[in-house]
Amino acid sequence: MIPTERTFYIFKNLNNQSIYLVKEKFQPEPSQSKLNNNNKTLTEKRLTNISKLQIEFYKIIGFLCSETRYGNVFKKEEDVYYVENLFIEYMKNPIYYQYLLKFKELGKYIYYHIVDVFTLSTLFCRKEGIPNIEDIAIGFLFHDIGKLYTPVHLLRKEGNLTKKEYHVLQKQLKKGYDLLKQIGLEKVIYLANSQHEHITGSGYREELEDEELPKEVQILKIIDRYSVITLRRSYEEVVTVSDAIDTLYNESHLYNKELLNSFTDFIGIYPENAVVSLK
């Protein structure tokens, strides 16, 4: 097997002492001459589109894995392929793909954030034995779809939002709900609808209590917060993963504590049997 450039995207920024080669599951990428051939078959066109999606996916993951943000998440080859294949299957849907591009237009931070949340939430749900992941993971990718209606200057604002600005962002939830329904994703509306609920019932959507929140929503809450803390914007300082975990534990009243402990093990940045000291 001859490794291609895409197989190294995910590994080039990992702080590992060794790497493994990922076996190619798809047919070789078409040569440039074939790409420029006006007589390409439908099969060749399909392979070209898949290749572009693969390259895009690994480019994003290569960035997200930097700064040890993913810890042990991608130690298993099968997990890499599981998320990659799921991402590509979703993006074969032209409607989903167009909305992914709309997120990309909002800027690198938001675009990478949704893929980050999708990747970590999907694999963590798999670890936790959540059924029918393939049916719900698209909701992780589009959990912030309401931001497509949010004024860009608010999305890119440096520093904290005012109460008025925060109220504008709250309204995005209803619009995101309607948009998911419009594109045929009624089954995952609850992820966009409930992501801002707190375990204490203090969320600003429906004020649901702990036992009323589906497990995957509780997972999304933790990972969305983790991504926000660790995914640095251009004007922010880098936050270490250990500091991010400390922050989550200091806010642990907002999350399911068992899932928070499991997520910490899932990331795997601490040695076995290590004790997290809360500030």
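Q: How many salt bridges does the count come to in this predicted model?
A: The count for this predicted model comes to nine salt bridges. Side chains of opposite charge can pair when their charged atoms come close.

Q: What makes the pair of glutamate 56 and lysine 104 a salt bridge?
A: The closest N and O atoms of glutamate 56 and lysine 104 are 3.2 Å apart. A salt bridge requires a side-chain nitrogen of Lys or Arg within 4 Å of a carboxyl oxygen of Asp or Glu, so this pair qualifies. The pair links distant parts of the chain, with glutamate 56 in helix α3 (residues 42-64) and lysine 104 in helix α5 (residues 94-105), 48 residues apart.

Q: Why is glutamate 56 called buried, and why is lysine 104 called partly exposed?
A: Buried means under 20% relative accessible area, and glutamate 56 has 18%, so glutamate 56 counts as buried. Lysine 104 has a relative accessible area of 40%, which lies between the cut-offs of 20% and 50%, and lysine 104 is therefore partly exposed.

Q: How do you know that glutamate 89 and lysine 92 form a salt bridge, and what is the exposure of each residue?
A: The closest N and O atoms of glutamate 89 and lysine 92 are 2.8 Å apart, and this value is within 4 Å, so the pair is a salt bridge. Glutamate 89 is partly exposed, with a relative accessible area of 48%. Lysine 92, at 36% relative accessibility, also counts as partly exposed.

Q: What makes both aspartate 144 and lysine 147 buried?
A: The relative accessibility of aspartate 144 is 4%, and that of lysine 147 is 16%. Each value is under 20%, so both residues are classed as buried. Their side chains meet in a salt bridge at 3.3 Å, N to O.

Q: Which residues are linked in a network of salt bridges?
A: Glu78, Asp79 and Arg126 are linked in such a network.

Q: How many helices and strands does the chain have, and what percentage of its residues is buried?
A: The chain has 14 helices and zero strands. Of its 279 residues, 47% are buried.

Q: Why is helix α4 called roughly perpendicular to helix α7?
A: Two packed helices are described by the angle between their axes and the distance between the axes. The axes of α4 (residues 77-91) and α7 (residues 133-141) come within 11 Å and cross at roughly 75 degrees. Angles of 65 to 115 degrees count as roughly perpendicular, and therefore α4 is roughly perpendicular to α7.

Q: Which residues make this contact of α4 with α7, and how many belong to each class?
A: Tyr82, Leu86, Tyr90 and Met91 in α4 meet Ile133, Glu134, Asp135, Ala137, Ile138 and Leu141 in α7. By class, the contact has eight nonpolar, no polar and two charged residues.

Q: What makes helix α6 roughly perpendicular to helix α14?
A: The axes of α6 (residues 108-127) and α14 (residues 257-267) come within 11 Å and cross at roughly 110 degrees. This angle falls in the range of 65 to 115 degrees, so α6 is roughly perpendicular to α14. Leu120, Leu123, Phe124 and Lys127 of α6 make the contact with Leu259, Ser262, Phe263, Phe266 and Ile267 of α14. By class, seven of these residues are nonpolar, one is polar and one is charged.

Q: How do you know that serine 262 is buried, and which residues does it contact?
A: Serine 262, which lies in helix α14, has a relative accessible area of 12%; this is under 20%, so serine 262 is buried. Leaving aside neighbours within four places in sequence, serine 262 is in contact with Phe124, Lys127 and Glu128. The C-alpha atoms of serine 262 and lysine 127 are separated by 9.3 Å, although the two residues are 135 residues apart along the chain.

Q: Why is isoleucine 269 called partly exposed?
A: Isoleucine 269, in the segment after α14, has a relative accessible area of 27%, which lies between 20% and 50%, so isoleucine 269 is partly exposed. Leaving aside neighbours within four places in sequence, its contacts include Thr68, Gly71 and Val241. Isoleucine 269 and threonine 68 are 201 residues apart in sequence and 8.1 Å apart in space, C-alpha to C-alpha.

Q: Which residues of helix α13 are buried, and against what do they pack?
A: In α13 (residues 241-250), Val241, Ala244, Ile245, Asp246, Leu248 and Tyr249 are buried. The buried residues of α13 pack against α12 (215-230) and α14.

Methods
Residues numbered from 1 in each chain as written. Predicted model: local features only at pLDDT ≥ 70, side-chain atom pairs only at ≥ 80, totals over all residues. Heavy atoms only, no water. Axes fitted to C-alpha atoms, helices over the stretch in contact; angles between N-to-C directions. Helix = DSSP H or I, 4+ residues; strand = E, 2+ residues; numbered from the N terminus. Parallel < 35°, antiparallel > 145°, perpendicular 65-115°, else oblique. Contact = heavy atoms within 4.5 Å. Nonpolar A, V, L, I, M, F, W, Y, C, P; charged D, E, K, R; others polar. Buried < 20%, exposed > 50% of the residue type's maximum accessible area, 1.4 Å probe, protein only.
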